[in-house]
Amino acid sequence: MANQPLEREHFGSKIGVIMASAGSAIGLGNIWKFPYEVGKNGGAAFIMVYLACILFIGLAIVIAEYVVGRRSGANAVGAFKKLAPRSLWWLVGMLGVLAAVTILSFYGVVAGWTFEYLFQASKNAFVGKSPDELNTMFNTFVSNPYRPLMWQLLFMLLTCGLIYSGVKKGIERYTEILMPLLFIVIILLAIRAVTLPGGGAGIRFLFHPDFSAINGDVVLSALGHAFFSLSLGLGAIITYGSYVSKSDNLTAISIEVVLLDTVIAIMAGVAIFPAVFAYGIEPSSGPSLVFKTLPNVFQQMPGGMLWGILFFFLLGVAALTSSVSLLEVVTAYVSEQLNIKRHLAIFLSALVITVIGVFCSLSQGPLSHVLIFKHNIFDLLDHLSANWMLPLGGMFTSLFVGWHMKKSDLEDELSNGGLLKVSALPLLRFVLRWLAPLGIFFVFLYNLGVI
Ligand code: PHE
């Protein structure tokens, strides 16, 4: 078994690691999925549960994945094989690879939608359209059998191109400049949105919790989204961790990435919800929410067309820096574990993912009548991967680092061989051994109707 990576690169600098990891974390999850989950799950109460999941469960598992990745220097499956030979822990990595395939299949579809919207923005197609017309515009587009597929294909090709050009050059370079720009654009959109007449209701929806809205489903969605947004539970951070240099401080990197990701999601909420209420859009409209809402806001800004172009361009880039990390999980596994040349591995992985994605895309139109457990194909894959596969993967990773890894090994990795002080080690181990796995376990049991 080829556990040893063939040509492993390292990130150039600490800021490079943070940027690449933040690039993976920040994506459609923050700007497209977070708002629609908030809308579907009753607003502020969902956000509170989400923040609790990040703080009490997510952060510790981010650190755990970095530790597993850097210590092993291997892909999601190889990492477990290396750190726990002759055991079944590698199945956790395998679950992660499956989750990455599942997520990227629908992620590519939504990323394709951002390309269509970039195209429409550059034709100035939003201007003068009423909220109703914008609604119809989106529905007509996604139910077209061919057009979304074309964009999805283009997106998958770009993802392959980036991976092909290597970890360091491919990812670091793009994120370092474009992520901060995305942040600035979102802040400006948020400022415009909160000053819209009638926007106050959106702010109330975001920040005044109605705790009676919390139920098992809301908690499961919040937990699942915490994992999805942090790129957690499928080995993406393990894989990136394997490229992190030995002198970087893993705890500090984890905290910075988690903070950046959370702030951007909240800002996206502030940019979107005032407009949702100001234009009478249904907060629970689901995956279409952002696409139906923001074009209304661009029109209210001086130079509206440019804002639309800039926003959808940057959202497309943010999607790319995330999809790269998803495809990297699959590619690193296929090339290193199955011993297939990296270039061929990229192609094969992307092919399988794109074909599954075609069904997700068609489930918005021609195949919308195909329902499995009351979900269409798109929603099913989204629900299954984010809410079940990722927390499950995270739970096992947490147990692995908490119980299987020796305390001294964990300490060695976090302190860079004794150079750094790790005063939070007992707390971290408590969370990894008990709090996180039990928390996830009980949310699962509750949702399965066992308790
Ligand atoms: N975190 C990414 C986003 O928010 C999606 C993602 C999930 C990427 C899992 C990698 C792994 O868009």
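The model is predicted, so local features need pLDDT of at least 70 and side-chain atom pairs count only at pLDDT 80 or more, while totals for chains, interfaces and linings use all residues. Residues are numbered from 1 along each chain as its sequence is written, and side-chain values use heavy atoms, leaving out hydrogens and water.

**Overall build**
- You'll find 18 helices and zero strands in the protein (DSSP runs numbered from the N terminus: H or I of at least four residues for helices, E of at least two for strands).
- The protein is as compact as a globular protein of its length, because its radius of gyration is 21 Å, close to the 22 Å that the globule rule gives for 451 residues (taken over C-alpha atoms; the rule is 2.2 Å times the number of residues to the power 0.38).
- The C-alpha trace spans about 60 × 50 × 40 Å along its principal axes.

**Inside and contacts**
- Of the 451 residues, 59% are buried (under 20% relative accessible area, with a 1.4 Å probe and protein chains only).
- Take the contacts between residues at least 6 apart in sequence: 83% of them join residues at least 24 apart (contact means heavy atoms within 4.5 Å).

- Tyr243 sits in the loop between helix H11 (236-241) and helix H12 (250-278).
- Tyr243 counts as buried because its relative accessibility is 3%.
- Val17 is 226 residues away from Tyr243 in sequence, yet their C-alpha atoms are 8.5 Å apart in space.

Methods:
Buried < 20%, exposed > 50% of the residue type's maximum accessible area, 1.4 Å probe, protein only.
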